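Here's a quick briefing to read alongside the structure. Have the viewer open and follow along, topic by topic.

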Amino acid sequence: MNRGSTDVAVTAQAQTERVSPSVEPDQRRAARPVVSPSPGGAFEVAWADVAAALRITPVWLHSGWIDVVWRFRRTRLGPFWHTLGLAAFVIVMGVVWSTILRQDPTQYFRYVTVSLMVWMLIASLVTDATGIIIAGQTTALSMRFPYPAFAFAHVWRGLLLFAHHFVLYVVVMAGTLHWPGTAVLLAIPGLLLVIANGVWMSLLSGILCLNRRDLMPAIGSAMQIMMFITPVFWPRDMLGAHLGFAADFNPFYHMVRVVREPLLGSVPGLDAWAWVVGTLVIGTSGTLWLYGRWRDRLAYWY
Amino acid sequence: MARLTVENAWVEFPVRLTRGGPGKVSRTGGEIDAARGVVTALRDISFELRDGDRLGLMGHNGAGKTTMLRLLAGAYPPTRGRVISLGSISTLFNATPGLSLDGTGRENILTCALHLGMSRRRIAQKMEEIIDFAELGDYIDLPVRIYSAGMVTRLGFAVATAVEPEILLLDEGLATGDAHFARKAEGRMNELIARSSILVIASHSETLLASMCNRCLLLEHGRILSDGPAGELYDTYRAQVVEAARVDDEEAQGRAYAMTQDLLRRGAAIPLDLEEQALRHAMRISPDDLMMPQRYLQVVSLQGRALPAEEEARLLIVLLGRYPEREDYRTRLAELLPTAMPRLAEPDRARASALAAV
């Protein structure tokens, strides 16, 4: 290429811009200078990135959605495979465990269905999030990308899968002729609180696993154990008076409660709401602090 | 108004080394400091770019060119010092952010373009143009999984170049498939470059940089070795390569070969000293190609120099074996024999006397 032709092209471009001043900028335009490493304290840095991630909402909304589409593209049932798997699990569990635990079968069916739906959402927000930042390598290494956007995309993806499972909820409720009543509306704030918790949980999980790859399988196992010690398959009362505290001090239990109980038609106690809100506040502040502290090192951990 | 300021920036990668040892400089790559557990990829970099600046990054593999682009893009925040940028930035690397093999071409265009910072409306406007440019035809609605490697590259290139940033960061060697597409790609790249107000391009092709940039940085082991106008820097760089190649540095000879090839492709004049070193590399990698020693002898004599007698004699023996009719070679060999004979090894010695005697 020679310089002459470049100059001509520059002039031509300058002219087009003068003719049509409404040319829309292609890029997220940085009106103010961007300083790297980010100045300010940990929370300031973290908040700036959360705001940046919110500004690119179309990006993560699309990528979370298209991920689900792509992942199940070559299957006939698509995401409903998960629902079907859940259904099979629920049927087996419903029959076997209602006998073992001496529970009323129809009531236990509903309990296990809703419990598992909610648990699978919560667990996927933690377990599947281990790889979200690692998978974003190409993106994170070619621009200054706000990492919380990976967490937003992940939570959105989890919510989409949860929506598929909802079919099973309707089927089970209709099949067992149970109407939860207006309490079911409380599931909406409950779900919102759970996914708000999901944001910090998946961001934390993604960051930790980026730095220490050993944590990926470790977190997987931990969440599996968690499923058995959290009252998911069995009611809390079965722990008895002495072990009840194991559930009461388990934040996951309260997260399950605020969605499960409204869906089954009862109102979760105030303690559940307090726990979930408390977890949200503490978890979010802790994660934001950690994020702000290490934000500028993350790219070096790839 | 775009601006890019780098102030004493360092990029240091944490490493966990199993064996300790004193820090040493490897032949390529950054400096390894085992004691502190870091690899210094970029060391104390400072410069400033303003509207209209075209900066070229030169250096061998692992000199820190790509790291520098990532630093400027904001992907690697400097571990010391700082980088201040004003204006939208776009980076063109080989890998396109957001590209997935499971999606169709059209879906991938949307996903990648969103990742690269385009709005949905803008993508919709440009969609057809991107598809046209990538020359994917009916493949555009098929999954990328079944594309050929060239098609994936074309798709990535078409999307990445659809974004029009103020600051454009380019990594060299954007593989762009066949010759036809490579030409088209070059045209598009030039348009993009013309529209950006700051360009930083990393390349192995010094001639390309010399033609495109008004300023060049020569990097080595993550340091700025020199900084200046592209042409001047190129001459310095060439002189360094030639000098290194003269003292039998095989890597430098290979470098000289690559530079010569590059000049040939561009139809530019090749300096004789560079060609000489390139030919040494060529003779080593393909000893059977007799064009190379012939040209080598020519290049040396054109520079008014002479090879050591035994070296020239050895080449002449090989050449006479293939072209016995070349009387000029025979005469030259006969001339050389008195000096060369004692320094030749046995099989060559016998052949030399036989050839010269005919």
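Predicted model: local features only at pLDDT ≥ 70, side-chain atom pairs only at ≥ 80, totals over all residues.

A residue counts as buried here if 20 or more other C-beta atoms lie within 10 Å of its own.

- Chain A comes out with 13 helices and one strand. Following the sequence, the pattern reads α-β-α-α-α-α-α-α-α-α-α-α-α-α.
- Chain B has 13 helices too, but along with eleven strands.
- How do contacts split by sequence distance? Taking contacts with a separation of 6 or more, residues 24 or more positions apart account for 80% in chain A and for 66% in chain B.
- The radius of gyration of chain B is 26 Å, whereas a compact globule of 358 residues would come in near 21 Å.
- Along its principal axes, chain B has C-alpha atoms that fill a box of roughly 85 × 55 × 40 Å.

**Where A meets B**

- The contact between the chains draws 35 residues from chain A and 44 residues from chain B.
- On the chain A side, the elements giving two or more residues are helix H1 (3-19), strand S1 (34-36), helix H3 (57-71) and helix H7 (137-140). H3(A) supplies the largest share of that side, with six residues.
- Sorted by class, the side of chain A that touches chain B has 18 nonpolar, ten polar and seven charged residues.
- Which residue of S6(B) is the bridge partner of Ser36(A)? That would be Val83(B).

**Antiparallel strands in chain B**

- S6(B) also pairs with S1(B), again in the antiparallel sense, over six bridges. In this pairing Leu4(B) has Ser85(B) as its bridge partner.
- S1(B), residues 3-14, is joined by nine bridges to strand S4 (residues 38-50) of chain B, and these two run antiparallel. Look for Ala9(B) opposite Ile45(B) in S4(B).
- Val39(B) sits in strand S4 of chain B. Is Val39(B) buried or exposed? Buried, because 20 other C-beta atoms lie within 10 Å and the cut-off is 20 or more.
- Val39(B) and Val11(B) are 28 residues apart along the chain, yet 8.4 Å separates their C-alpha atoms.

- Strand S9 (residues 198-202) of chain B is mostly covered, with five of its five residues buried.
- Ile198(B), Val200(B) and Ala202(B) point one way from S9(B), while Leu199(B) and Ile201(B) point the other way; all are buried.
- Strand S5 (residues 54-58) of chain B pairs with S9(B) in the parallel sense over four bridges. Gly56(B) is the residue opposite Ile201(B).
- S9(B) is also joined by five bridges to strand S8 (residues 167-171) of chain B, with the two running parallel. There, Ile167(B) has Ile198(B) as its bridge partner.

**Nonpolar cores**

- The largest nonpolar core holds 160 residues, and the ones with the most contacts inside it are Ile122(A), Ala113(B), Val159(B) and Leu169(B). Helix H5 (residues 105-127) of chain A gives the most to this core, with 15 residues.
- Apart from this core lies another one of eleven residues, including Ala313(B), Ile317(B), Leu320(B) and Leu336(B).
- What does Ala113(B) touch, leaving out residues up to four places away in sequence? Its contacts are Met118(B), Ile123(B), Val159(B) and Ala162(B).

**Domains of chain B**

- Chain B is divided into domain 1 (247-305) and domain 2 (308-358). The centres of these two domains, taken over C-alpha atoms, are 22 Å apart.
- Each domain puts residues into the contact: four residues from domain 1 of chain B and four residues from domain 2 of chain B.
- On the domain 1 side of that contact, the residues divide into three nonpolar, one polar and no charged.

Key:
Residues numbered from 1 in each chain as written. Chains lettered and ligands numbered in written order. Core = buried A, V, L, I, M, F, W, Y, C linked by C-beta atoms within 7 Å. Buried ≥ 20, exposed ≤ 12 C-beta atoms within 10 Å, placed from the backbone. Contact = placed C-beta atoms within 7 Å. Domains from an automatic or database assignment. Nonpolar A, V, L, I, M, F, W, Y, C, P; charged D, E, K, R; others polar. Pairing = 2+ DSSP bridges. Rg over C-alpha atoms; globule rule 2.2 N^0.38 Å.
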